[in-house]
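Work through the exercises below with the model open. Each task is followed by a solution in steps.

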Amino acid sequence: MVLDDASAEFHEFFERHYAELARLAHLLTGETDAADDLAADALVALWQRWDRLRQADHPLAYARGVVANLARGRIRSAVRERLRITLFWSRSPEKVEGPDMAAVLDVRAALARLPFRKRACVVLRHAFDLSEKDTAAALGISVGTVKSQTSKGMAELERILGARAVGDLVAGRRNR
C-alpha cells in the first residue's frame, strides 16, 4: 500500500500519539473502554482536518483539546443520564404527610401517559420547582424546548385529569 505524504504523516502521528491520547481520555473519564473510543474519535476528527493541522505548530495540543472536549461531553451525558434515572425511577419517594392517595395515583397514571420529554419537563418544573434554565440543563435541551414541552404536557394533563385538578395541583405546589 502506497501512502501519500499527508497519509504517511498522519499514520506516523497516530502511531506516536494514540496511546498518550487514550491515557488522557482514561484519566479524564475514568473509563478504560471509553478511553480507546474517545482517542479514536479524536484522531478521526484530526484526520478530517489533517491538511490544515499538519501545517500547525502543535497538532498534538489540538488533539489533546479534542480528547478533552469529547471526554467532557461523555461525562456530561453520563451525569444527565444518572440524573434522569435518579429523578424518575427512584424507589423511595419522599414522604408527604396526609397525601390524597387517590389523587396521587391519578396524577402518576396521567404522568405515565405522557411521552418522556413532556413528563420530564412537567415533573422538573412543577414537582421539583426547577427554573426553565435548570430544567433545560438537567435534560440537555434548550429553554424553548422546556417551555413548549411543559406547556404541551400540562395541556395533556388537563385533558386527562381535568382543568380543575391540574389547577389544584399547581396551586398546591405554590402553597408548600
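Predicted model: local features only at pLDDT ≥ 70, side-chain atom pairs only at ≥ 80, totals over all residues.

**Exercise 1.** Check the span of helix α8 (residues 143–161) against 1.5 Å a residue, then find how its buried residues are arranged around the axis.

Solution. 
- Step 1. The 19 residues of α8 should span 27 Å, and the end C-alpha atoms lie 26 Å apart, which agrees.
- Step 2. The buried residues of α8 are Val 146, Gln 149, Thr 150, Gly 153, Met 154, Glu 156 and Leu 157.
- Step 3. Viewed down the axis of α8, these buried residues fall within an arc of 165°, so they line one face of the helix.
- Step 4. An α-helix has 3.6 residues a turn, so residues three or four places apart point the same way.
- Step 5. Just after α8, Gly 162 has a positive phi of about 100°.

**Exercise 2.** Which elements give two or more residues to the largest nonpolar core?

Solution. 
- Step 1. This core has 20 residues, and Phe 13, Leu 21, Leu 43, Leu 46, Trp 50 and Ala 63 have the most contacts inside it.
- Step 2. The elements are α1 (5–29), α2 (32–48), α3 (50–53) and α4.
- Step 3. With seven residues, α2 gives the most to this core.
- Step 4. Beyond four places in sequence, Leu 46 contacts Phe 10, Phe 13, Leu 53, Pro 59, Tyr 62, Ala 63 and Val 66.
- Step 5. Another core, of 17 residues, lies apart from it and includes Cys 121, Val 123, Leu 139 and Ile 141.

Conventions. Residues numbered from 1 in each chain as written. Heavy atoms only, no water. Helix = DSSP H or I, 4+ residues; strand = E, 2+ residues; numbered from the N terminus. Expected span 1.5 Å × (residues − 1). Buried < 20%, exposed > 50% of the residue type's maximum accessible area, 1.4 Å probe, protein only. Arc of directions from axis to C-beta. Core = buried A, V, L, I, M, F, W, Y, C linked by side-chain atoms within 4.5 Å. Contact = heavy atoms within 4.5 Å.
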